[in-house]
Amino acid sequence: MWSLKIPLIKAADSYRACVATSTTEDDRRENLLNASDTVRKASQRLRQAASGNSLHDLIDKHFSVPGIDAEHFVQWVYGNGMKTVAGAKIRGQLMAAPPFERCPLCRQGTVYQLDHFMPKSLFPALCVDPLNLVPVCERCNLIKGNRRPDQLENTLLHPYLDRISHERWLDARTAHDGEMVRLEFFVTPPATWDATLTARVAHHFQLFDLGRRYAIVANRVIGDLTFGVDRQRALGGAAMVRAYLHDEADTRFAADANSVEGVTCATLGADDRYCQGPAAVLSAPDARPEDGIRGSAVW
(Lines give C-alpha, C1' and ligand atoms only; values in the text may rest on other atoms or scores of the structure.)
Protein backbone atom coordinates (compact mmCIF):
# COMPACT_ATOMS: atom_id res chain seq x y z
CA MET A 1 0.00 0.00 0.00
CA TRP A 2 3.04 2.29 0.32
CA SER A 3 5.63 2.75 -2.39
CA LEU A 4 9.32 1.94 -2.24
CA LYS A 5 12.05 2.96 -4.66
CA ILE A 6 12.90 0.29 -7.22
CA PRO A 7 16.13 -1.44 -6.14
CA LEU A 8 19.20 -0.34 -8.05
CA ILE A 9 20.80 -3.77 -7.70
CA LYS A 10 20.76 -5.62 -11.02
CA ALA A 11 19.31 -9.13 -11.09
CA ALA A 12 22.44 -10.54 -12.74
CA ASP A 13 24.68 -9.01 -10.08
CA SER A 14 22.49 -10.36 -7.31
CA TYR A 15 22.56 -13.85 -8.81
CA ARG A 16 26.34 -13.88 -9.26
CA ALA A 17 26.88 -12.64 -5.72
CA CYS A 18 24.64 -15.32 -4.23
CA VAL A 19 26.06 -18.16 -6.33
CA ALA A 20 29.74 -17.32 -5.96
CA THR A 21 30.20 -18.93 -2.53
CA SER A 22 26.84 -20.57 -1.86
CA THR A 23 28.28 -24.08 -2.26
CA THR A 24 31.67 -25.72 -1.85
CA GLU A 25 30.97 -28.38 -4.48
CA ASP A 26 32.58 -27.49 -7.80
CA ASP A 27 30.07 -29.39 -9.94
CA ARG A 28 27.13 -27.75 -8.22
CA ARG A 29 28.65 -24.29 -8.54
CA GLU A 30 29.26 -24.90 -12.24
CA ASN A 31 25.63 -25.95 -12.72
CA LEU A 32 24.47 -22.81 -10.96
CA LEU A 33 26.74 -20.59 -13.04
CA ASN A 34 25.51 -22.31 -16.20
CA ALA A 35 21.98 -21.33 -15.18
CA SER A 36 22.88 -17.64 -15.45
CA ASP A 37 21.30 -17.31 -18.89
CA THR A 38 18.05 -18.83 -17.64
CA VAL A 39 18.02 -16.39 -14.76
CA ARG A 40 18.75 -13.50 -17.11
CA LYS A 41 15.81 -14.39 -19.35
CA ALA A 42 13.57 -14.80 -16.30
CA SER A 43 14.57 -11.35 -15.15
CA GLN A 44 13.68 -9.90 -18.54
CA ARG A 45 10.27 -11.61 -18.51
CA LEU A 46 9.56 -10.24 -15.04
CA ARG A 47 10.38 -6.69 -16.06
CA GLN A 48 8.41 -6.90 -19.29
CA ALA A 49 5.39 -8.12 -17.35
CA ALA A 50 5.87 -5.42 -14.72
CA SER A 51 5.98 -2.67 -17.34
CA GLY A 52 2.89 -4.11 -19.02
CA ASN A 53 0.98 -4.57 -15.77
CA SER A 54 0.65 -8.27 -16.55
CA LEU A 55 2.37 -10.13 -13.72
CA HIS A 56 -0.72 -12.33 -13.55
CA ASP A 57 0.06 -13.65 -17.04
CA LEU A 58 3.47 -15.05 -16.13
CA ILE A 59 3.67 -18.83 -16.63
CA ASP A 60 5.60 -20.63 -13.91
CA LYS A 61 7.17 -23.21 -16.25
CA HIS A 62 9.09 -20.38 -17.92
CA PHE A 63 10.83 -19.72 -14.62
CA SER A 64 12.13 -23.17 -13.82
CA VAL A 65 15.83 -23.98 -14.14
CA PRO A 66 16.62 -26.89 -16.49
CA GLY A 67 18.41 -29.76 -14.83
CA ILE A 68 18.04 -28.44 -11.28
CA ASP A 69 15.18 -29.25 -8.94
CA ALA A 70 13.35 -26.07 -7.91
CA GLU A 71 13.59 -26.72 -4.17
CA HIS A 72 17.33 -27.39 -4.33
CA PHE A 73 17.94 -24.41 -6.61
CA VAL A 74 16.16 -22.05 -4.21
CA GLN A 75 18.03 -23.49 -1.23
CA TRP A 76 21.45 -23.15 -2.86
CA VAL A 77 20.89 -19.74 -4.39
CA TYR A 78 18.55 -17.98 -1.95
CA GLY A 79 18.81 -19.97 1.27
CA ASN A 80 22.58 -20.32 1.21
CA GLY A 81 23.42 -17.41 -1.09
CA MET A 82 21.75 -14.73 1.02
CA LYS A 83 23.83 -15.87 4.00
CA THR A 84 27.15 -15.30 2.24
CA VAL A 85 28.97 -12.01 2.76
CA ALA A 86 27.95 -10.67 -0.65
CA GLY A 87 24.39 -11.98 -0.37
CA ALA A 88 23.92 -10.58 3.12
CA LYS A 89 24.98 -7.17 1.85
CA ILE A 90 22.28 -7.28 -0.84
CA ARG A 91 19.68 -8.46 1.66
CA GLY A 92 20.64 -5.64 4.01
CA GLN A 93 20.20 -3.04 1.27
CA LEU A 94 16.74 -4.36 0.42
CA MET A 95 15.68 -4.56 4.06
CA ALA A 96 16.80 -0.98 4.68
CA ALA A 97 14.54 0.49 1.97
CA PRO A 98 11.29 1.08 3.96
CA PRO A 99 11.33 4.31 5.99
CA PHE A 100 11.41 3.67 9.74
CA GLU A 101 11.44 -0.09 9.00
CA ARG A 102 7.66 -0.06 8.48
CA CYS A 103 6.12 -2.76 6.31
CA PRO A 104 4.99 -1.31 2.95
CA LEU A 105 2.08 -3.76 2.70
CA CYS A 106 0.34 -2.69 5.92
CA ARG A 107 2.32 0.33 7.17
CA GLN A 108 2.09 -1.02 10.71
CA GLY A 109 4.40 -3.99 11.21
CA THR A 110 8.18 -3.85 11.46
CA VAL A 111 10.10 -5.12 8.43
CA TYR A 112 11.58 -8.46 9.33
CA GLN A 113 11.59 -10.66 6.22
CA LEU A 114 11.86 -10.60 2.42
CA ASP A 115 8.76 -11.69 0.56
CA HIS A 116 8.96 -13.16 -2.94
CA PHE A 117 6.21 -11.32 -4.77
CA MET A 118 6.14 -14.12 -7.33
CA PRO A 119 6.55 -17.19 -5.07
CA LYS A 120 9.99 -18.76 -5.19
CA SER A 121 8.48 -22.26 -5.12
CA LEU A 122 6.78 -21.56 -8.45
CA PHE A 123 9.26 -19.07 -9.92
CA PRO A 124 12.66 -20.31 -8.71
CA ALA A 125 14.64 -18.39 -11.35
CA LEU A 126 13.44 -15.18 -9.66
CA CYS A 127 14.45 -16.20 -6.14
CA VAL A 128 17.18 -13.55 -5.81
CA ASP A 129 15.90 -11.01 -8.33
CA PRO A 130 15.74 -7.73 -6.37
CA LEU A 131 12.53 -6.68 -8.13
CA ASN A 132 10.89 -9.81 -6.74
CA LEU A 133 12.14 -9.33 -3.17
CA VAL A 134 9.96 -7.06 -1.03
CA PRO A 135 10.84 -6.23 2.61
CA VAL A 136 7.77 -6.93 4.74
CA CYS A 137 6.68 -7.70 8.29
CA GLU A 138 6.31 -11.29 9.43
CA ARG A 139 2.52 -11.05 9.66
CA CYS A 140 2.05 -9.84 6.08
CA ASN A 141 4.50 -12.42 4.78
CA LEU A 142 2.57 -15.17 6.54
CA ILE A 143 -0.78 -13.95 5.20
CA LYS A 144 0.48 -13.65 1.64
CA GLY A 145 2.21 -17.03 1.69
CA ASN A 146 2.59 -18.56 -1.78
CA ARG A 147 -0.22 -16.58 -3.35
CA ARG A 148 0.35 -15.60 -6.94
CA PRO A 149 -1.95 -13.43 -9.05
CA ASP A 150 -4.03 -15.19 -11.70
CA GLN A 151 -5.91 -12.12 -12.87
CA LEU A 152 -5.24 -8.41 -12.81
CA GLU A 153 -7.96 -7.69 -10.26
CA ASN A 154 -6.39 -9.91 -7.58
CA THR A 155 -2.81 -8.81 -8.16
CA LEU A 156 -1.62 -7.46 -4.83
CA LEU A 157 -0.10 -4.02 -4.78
CA HIS A 158 3.62 -4.15 -5.45
CA PRO A 159 5.57 -1.54 -3.44
CA TYR A 160 8.19 -1.15 -6.20
CA LEU A 161 5.69 -0.84 -9.04
CA ASP A 162 2.46 0.69 -7.76
CA ARG A 163 2.34 4.37 -6.85
CA ILE A 164 -0.69 5.30 -4.76
CA SER A 165 0.99 6.80 -1.68
CA HIS A 166 0.69 10.40 -2.90
CA GLU A 167 -3.12 10.37 -3.06
CA ARG A 168 -5.53 10.20 -0.15
CA TRP A 169 -7.50 6.95 -0.36
CA LEU A 170 -7.80 5.82 3.26
CA ASP A 171 -11.00 6.92 4.94
CA ALA A 172 -13.00 6.19 8.09
CA ARG A 173 -16.34 6.82 9.75
CA THR A 174 -17.32 7.02 13.38
CA ALA A 175 -19.72 4.65 15.10
CA HIS A 176 -21.20 5.55 18.49
CA ASP A 177 -22.39 3.29 21.26
CA GLY A 178 -23.61 5.50 24.07
CA GLU A 179 -20.62 7.58 25.13
CA MET A 180 -18.19 5.30 23.35
CA VAL A 181 -16.87 5.93 19.84
CA ARG A 182 -14.96 3.73 17.44
CA LEU A 183 -13.72 4.09 13.89
CA GLU A 184 -14.40 1.89 10.89
CA PHE A 185 -11.80 2.16 8.13
CA PHE A 186 -12.36 1.70 4.42
CA VAL A 187 -11.08 2.93 1.07
CA THR A 188 -12.43 5.85 -0.90
CA PRO A 189 -10.99 5.58 -4.44
CA PRO A 190 -9.64 8.88 -5.84
CA ALA A 191 -11.09 10.07 -9.13
CA THR A 192 -7.83 9.13 -10.86
CA TRP A 193 -8.29 5.41 -10.13
CA ASP A 194 -9.86 3.09 -12.66
CA ALA A 195 -12.03 0.09 -11.79
CA THR A 196 -9.10 -2.33 -11.93
CA LEU A 197 -6.95 -0.41 -9.46
CA THR A 198 -9.95 -0.01 -7.18
CA ALA A 199 -10.51 -3.78 -7.25
CA ARG A 200 -6.83 -4.45 -6.53
CA VAL A 201 -6.78 -2.11 -3.54
CA ALA A 202 -9.99 -3.69 -2.25
CA HIS A 203 -8.41 -7.13 -2.50
CA HIS A 204 -5.23 -5.97 -0.78
CA PHE A 205 -7.17 -4.17 1.99
CA GLN A 206 -9.32 -7.20 2.69
CA LEU A 207 -6.59 -9.85 2.48
CA PHE A 208 -4.36 -8.13 5.03
CA ASP A 209 -7.33 -7.25 7.28
CA LEU A 210 -6.30 -3.61 7.30
CA GLY A 211 -9.68 -2.32 8.48
CA ARG A 212 -9.36 -4.12 11.79
CA ARG A 213 -5.66 -3.37 12.16
CA TYR A 214 -6.23 0.34 11.64
CA ALA A 215 -9.14 0.35 14.09
CA ILE A 216 -6.76 -0.90 16.78
CA VAL A 217 -4.40 1.98 15.99
CA ALA A 218 -7.34 4.41 16.09
CA ASN A 219 -8.32 3.26 19.58
CA ARG A 220 -4.83 4.06 20.81
CA VAL A 221 -4.95 7.47 19.14
CA ILE A 222 -8.33 8.26 20.71
CA GLY A 223 -6.92 7.37 24.10
CA ASP A 224 -3.86 9.56 23.54
CA LEU A 225 -6.05 12.48 22.44
CA THR A 226 -8.39 12.35 25.42
CA PHE A 227 -6.51 14.86 27.58
CA GLY A 228 -6.06 17.37 24.77
CA VAL A 229 -9.65 17.03 23.57
CA ASP A 230 -11.08 17.47 27.08
CA ARG A 231 -8.91 20.53 27.61
CA GLN A 232 -9.97 22.17 24.34
CA ARG A 233 -13.60 21.37 25.04
CA ALA A 234 -13.37 23.03 28.44
CA LEU A 235 -11.70 26.10 26.95
CA GLY A 236 -13.93 26.68 23.96
CA GLY A 237 -16.36 23.88 23.34
CA ALA A 238 -16.79 21.85 20.15
CA ALA A 239 -15.27 24.52 17.88
CA MET A 240 -11.93 24.38 19.66
CA VAL A 241 -11.97 20.57 19.73
CA ARG A 242 -12.59 20.55 15.99
CA ALA A 243 -9.76 23.00 15.31
CA TYR A 244 -7.42 21.00 17.57
CA LEU A 245 -8.19 17.74 15.77
CA HIS A 246 -7.80 19.27 12.33
CA ASP A 247 -4.39 20.64 13.33
CA GLU A 248 -3.39 17.19 14.59
CA ALA A 249 -4.60 15.63 11.32
CA ASP A 250 -2.72 18.16 9.16
CA THR A 251 0.50 17.48 11.06
CA ARG A 252 0.25 13.75 10.33
CA PHE A 253 -0.90 14.16 6.73
CA ALA A 254 2.15 16.32 6.03
CA ALA A 255 4.29 13.19 6.36
CA ASP A 256 1.84 10.62 5.01
CA ALA A 257 -1.27 11.34 2.96
CA ASN A 258 -2.81 8.12 4.28
CA SER A 259 -1.66 8.26 7.87
CA VAL A 260 -3.96 6.13 10.03
CA GLU A 261 -3.44 8.60 12.85
CA GLY A 262 -4.24 11.49 10.52
CA VAL A 263 -7.42 9.86 9.25
CA THR A 264 -8.44 9.17 12.86
CA CYS A 265 -8.02 12.82 13.86
CA ALA A 266 -9.76 14.14 10.73
CA THR A 267 -12.69 11.76 11.14
CA LEU A 268 -13.17 12.65 14.80
CA GLY A 269 -12.91 16.34 13.95
CA ALA A 270 -15.75 15.99 11.44
CA ASP A 271 -18.00 14.25 13.98
CA ASP A 272 -20.13 16.81 15.85
CA ARG A 273 -21.18 14.35 18.51
CA TYR A 274 -17.59 13.52 19.38
CA CYS A 275 -16.49 17.15 19.36
CA GLN A 276 -19.32 18.12 21.68
CA GLY A 277 -18.49 15.16 23.99
CA PRO A 278 -18.28 13.37 26.24
CA ALA A 279 -16.85 10.27 24.52
CA ALA A 280 -14.97 7.18 25.68
CA VAL A 281 -12.76 4.65 23.95
CA LEU A 282 -13.97 1.19 23.12
CA SER A 283 -11.89 -1.53 24.71
CA ALA A 284 -11.60 -3.37 21.37
CA PRO A 285 -12.15 -2.37 17.71
CA ASP A 286 -15.04 -3.64 15.67
CA ALA A 287 -14.11 -2.43 12.22
CA ARG A 288 -15.35 -4.65 9.45
CA PRO A 289 -13.37 -4.91 6.20
CA GLU A 290 -16.53 -6.15 4.56
CA ASP A 291 -17.98 -2.66 4.94
CA GLY A 292 -16.20 -2.13 1.65
CA ILE A 293 -15.08 0.74 -0.49
CA ARG A 294 -17.09 3.90 -0.57
CA GLY A 295 -18.32 4.59 -4.06
CA SER A 296 -17.62 1.03 -5.12
CA ALA A 297 -19.05 -2.43 -4.55
CA VAL A 298 -19.52 -3.51 -0.96
CA TRP A 299 -17.85 -6.76 0.04
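How many cavities of 30 Å³ or more does a search of the whole structure find? The search turns up two.

This is a predicted model, in which local features need pLDDT of at least 70, side-chain atom pairs count only at pLDDT 80 or more, and totals for chains, interfaces and linings use all residues. Residues are numbered from 1 along each chain as its sequence is written, and side-chain values use heavy atoms, leaving out hydrogens and water.

**View 1. The largest cavity has a volume of about 40 Å³.** A cavity here is a set of points, on a 1 Å grid over the protein atoms alone, where a 1.4 Å probe fits but cannot get out; lining residues have an atom within 4 Å of a point. Points are joined across faces, edges and corners, and the volume is the space filled by probe spheres set on them. Look for Met1, Trp2, Ser3, Leu157, His158, Pro159, Asp162, Ile164 and Ser165 around this cavity. That lining has five nonpolar, three polar and one charged residues (nonpolar: Ala, Val, Leu, Ile, Met, Phe, Trp, Tyr, Cys and Pro; charged: Asp, Glu, Lys and Arg; polar: the others, Gly among them).

**View 2. The second largest cavity has a volume of about 40 Å³.** Its lining is made up of Leu46, Ala50, Leu55, Phe117, Met118, Leu131, Asn132, His158 and Leu161. Seven of these are nonpolar and two polar, with no charged ones.

**View 3. The largest pocket holds about 190 Å³ of space.** A pocket is an open set of points with protein on both sides within 12 Å along at least five of seven lines. Here you'll find Leu4, Lys5, Ile6, Pro7, Leu8, Ile9, Gln93, Leu94, Ala97 and Tyr160. Sorted by class, the pocket lining has eight nonpolar, one polar and one charged residues.
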